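Subject: Structure for you to look at

Hello,

I am handing over a structure that is new to you. Please open it first, then read on for what was found in it.

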Amino acid sequence: MDIRLTIEKIQLIVAKGYPKHVGKCFAYLDPDTLMALKLCPGDIIDIQGTKRTAARALRTDQTKVQNNIHIDAFIRFNAGVDLGDSVIVRRAEIKTADLVVLGASPDIPPEWGSVSIESDEEREKLIGKQL
């Protein structure tokens, strides 16, 4: 008999993300963690460190290293964590926005630059993205 454990949330250790996906809001989890949280690759997860942020869950190829979440510096900054810190991960509660207002955050380091959304084409690229 195959009994699989399913859970609502899990505590994971922050590990370095993969360079080819920097800035794309991907969080890599091992297959057992994905299964325990009832996640499919591409599902949105809630990551809680000292702050909360969201990312798209993907499966890591590194099955030997469990209990890690591989996230880039942008996600770590948004979650208020560093490499080696613990975070709580759960399936995100998805809500459809009627209106999105974007503004500059005083917490963003100046060396990260700024973003200007001026055209309808740029606005269209945000539709369907996690914000």
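At 39% relative accessibility, Gln-66 counts as partly exposed. A word of caution before going on: this is a predicted model. Gln-66 sits in the loop between E4 and E5. Which residues does Gln-66 touch, not counting residues up to four places away in sequence? They are Asp-30 and Asp-32. Gln-66 and Pro-31 are 35 residues apart in sequence, yet their C-alpha atoms are 8.7 Å apart in space.

Asp-32 belongs to helix H1. Its relative accessibility is 43%, so Asp-32 counts as partly exposed.

**The chain as a whole**

The protein chain has three helices and six strands. Read from the N terminus on, the order is β-β-α-β-β-β-α-β-α. The chain has 131 residues, and 31% of them count as buried. Its accessible surface comes to about 9,200 Å². Carbon and sulfur atoms hold 52% of that surface.

Contacts across the sequence are worth a line. Take the contacts between residues at least 6 apart in sequence: 77% of them join residues at least 24 apart.

**The core**

How many residues does the largest nonpolar core have? The number is 19. The residues with the most contacts inside this core are Leu-29, Ile-45, Ile-47, Ile-69, Val-87 and Val-89. Seven named elements matter here: strand E1 (9-16), strand E2 (26-29), strand E3 (44-48), strand E4 (52-59), strand E5 (68-71), helix H2 (73-79) and strand E6 (86-91) each supply at least two residues of the core. E1 gives the largest share, three residues.

Ile-69 is then in contact with Leu-12, Ile-13, Val-14 and Ala-15, among others. Its contacts also include Ala-27, Tyr-28 and Leu-29. Ile-45, Ile-47, Val-87 and Val-89 are on the list as well.

**The cavity**

How many cavities of 30 Å³ or more does a search of the whole structure find? The search finds one. The largest cavity has a volume of about 30 Å³. Its lining is made up of Gly-17, Tyr-18, His-21, Phe-26, Tyr-28, Ile-71 and Asp-72. By type, the lining residues divide into four nonpolar, two polar and one charged.

**Two residues with positive phi**

Most residues other than glycine have a negative phi. Two residues here are worth checking against that. Cys-25 is not a glycine, but its phi is positive, about 60 degrees. Cys-25 lies in the loop between E1 and E2. Is Cys-25 exposed, partly exposed or buried? Its relative accessible area is 31%, so Cys-25 is partly exposed.

Lys-38 is not a glycine either, and its phi is positive at about 55 degrees. Lys-38 is in the loop between H1 and E3. Its relative accessibility is 54%, and the cut-off for exposed is over 50%. Lys-38 therefore counts as exposed.

**Pro-41**

Pro-41 lies in the loop between helix H1 (31-36) and E3. Why does Pro-41 count as exposed? Because its relative accessibility is 56%, and exposed means over 50%. Leaving aside its neighbours within four places in sequence, Pro-41 is in contact with Ala-57 and Leu-58. Pro-41 and Tyr-28 are 13 residues apart along the chain, and their C-alpha atoms are separated by 9.2 Å.

That is the tour. Over to you.

Best wishes

How values were computed:
Residues are numbered from 1 along each chain as its sequence is written. This is a predicted model: local features need pLDDT of at least 70, side-chain atom pairs count only at pLDDT 80 or more; totals for chains, interfaces and linings use all residues. Side-chain values use heavy atoms; hydrogens and water are left out. On a 1 Å grid over the protein atoms alone, a cavity is a set of points where a 1.4 Å probe fits but cannot get out, and a pocket is an open set with protein on both sides within 12 Å along at least five of seven lines; lining residues have an atom within 4 Å of a point. Grid points are joined across faces, edges and corners, and a volume is the space filled by probe spheres set on the points. Ala, Val, Leu, Ile, Met, Phe, Trp, Tyr, Cys and Pro count as nonpolar, Asp, Glu, Lys and Arg as charged, and the others, Gly among them, as polar. A nonpolar core is a set of buried Ala, Val, Leu, Ile, Met, Phe, Trp, Tyr and Cys residues joined through side-chain atoms within 4.5 Å. Buried means under 20% relative accessible area, exposed over 50%, partly exposed in between (1.4 Å probe, protein chains only). Helices (H or I, at least four residues) and strands (E, at least two) are DSSP runs, numbered from the N terminus. Contact means heavy atoms within 4.5 Å. Accessible areas come from the Shrake-Rupley method with a 1.4 Å probe; for residues, only the protein chains shown count as cover.
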